[in-house]
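Biologist: Thanks for sitting down with me. Could you walk me through this model, one question at a time?

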Amino acid sequence: MVVEHLVPVIEKLEECGCKIDYEKDRLTLQAPKKLKATDIKTMPYPGFPTDMQAIFGSMLTTSKGTSVVIENIFENRYKYASELQRMGAKFVIDGRTAVIKGVRRLIGANVMAKDLRGGAALVIAGLNAKGKTKIENIEYILRGYENLDDKLNTLGAKITKEV
């Protein structure tokens, strides 16, 4: 791990209220009970990575306040937003801009992964939701995240994979 490559992500996590300590090969994160909203603009390296945009979009759905996310790299990167809305997220898209108003809690729902990063965002939303979340099209997620269910279950999640 090269911490310098993670600086934009670390800075945004700290803006959200996380406490982060890092050494050369280890990073420790302590999150508050309720994250604070933040604004994000994706940019080429060394800016905020577009590959983290969906993860943060999902995370910000239950933050305190309103966040604005601007996707400057890829068009049509908000495919996951409609699925988060099915879970109760207040997520409004206008072109390359998303306005996310944090809600108290997401509700489990049947949702569909439409791409790799959006699928990961739905996993995060499902972990944070009240009730059961079922994600269809998990092939996207499995293609990019090896043994994600096992890794998250090791951390206390309750994920079952049906293929």
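Biologist: How many helices and strands does the protein have?

Modeller: This is a predicted model in which local features need pLDDT of at least 70, side-chain atom pairs count only at pLDDT 80 or more, and totals for chains, interfaces and linings use all residues. Residues are numbered from 1 along each chain as its sequence is written, and side-chain values use heavy atoms, with hydrogens and water left out. Helices (H or I, at least four residues) and strands (E, at least two) are DSSP runs, numbered from the N terminus. Along the sequence the pattern is α-β-β-β-α-β-α-β-β-β-α-β-α-α, and the tally is six helices and eight strands.

Biologist: What radius of gyration does the protein have, and why does it agree with a compact globule?

Modeller: The radius is taken over C-alpha atoms, and the globule rule is 2.2 Å times the number of residues to the power 0.38. For 163 residues, a compact globule would be near 15 Å, so the protein agrees with the rule. The C-alpha atoms fill a box of roughly 35 × 35 × 30 Å along the principal axes. The radius of gyration asked for is 15 Å.

Biologist: Which elements do the buried residues of H1 pack against?

Modeller: Buried means under 20% relative accessible area, exposed over 50%, and partly exposed in between (1.4 Å probe, protein chains only). In H1 (residues 7-15), the buried set is Pro 8, Val 9, Ile 10, Lys 12 and Leu 13. These buried residues pack against strand S1 (19-22), strand S2 (27-30), strand S3 (40-41) and helix H2 (53-60).

Biologist: How many residues of H2 are buried?

Modeller: H2 is mostly covered. Its buried residues run from Gln 53, Ala 54, Ile 55 and Phe 56 to Gly 57, Ser 58, Met 59 and Leu 60.

Biologist: Leaving aside neighbours within four places in sequence, which residues is Leu 84 in contact with?

Modeller: Contact means heavy atoms within 4.5 Å. With those sequence neighbours set aside, the partners of Leu 84 are Ser 58, Thr 61, Ala 89, Phe 91, Leu 122 and Ala 125.

Biologist: Is Asp 21 buried or exposed?

Modeller: Asp 21 lies in strand S1. Beyond its neighbours within four places in sequence, it is in contact with Arg 26, Leu 27 and Thr 28. With a relative accessibility of 57%, Asp 21 counts as exposed.

Biologist: Which residues does a cis peptide bond join?

Modeller: Look in the loop between S3 and H2, where Pro 46 lies. Omega is about 15° at this cis bond, which joins Tyr 45 and Pro 46.

Biologist: What is the relative accessible area of Asn 76?

Modeller: Asn 76 sits in the loop between strand S4 (66-70) and H3. Its phi is near 60°, a positive value in a residue other than glycine. Asn 76 is exposed, with a relative accessible area of 58%.
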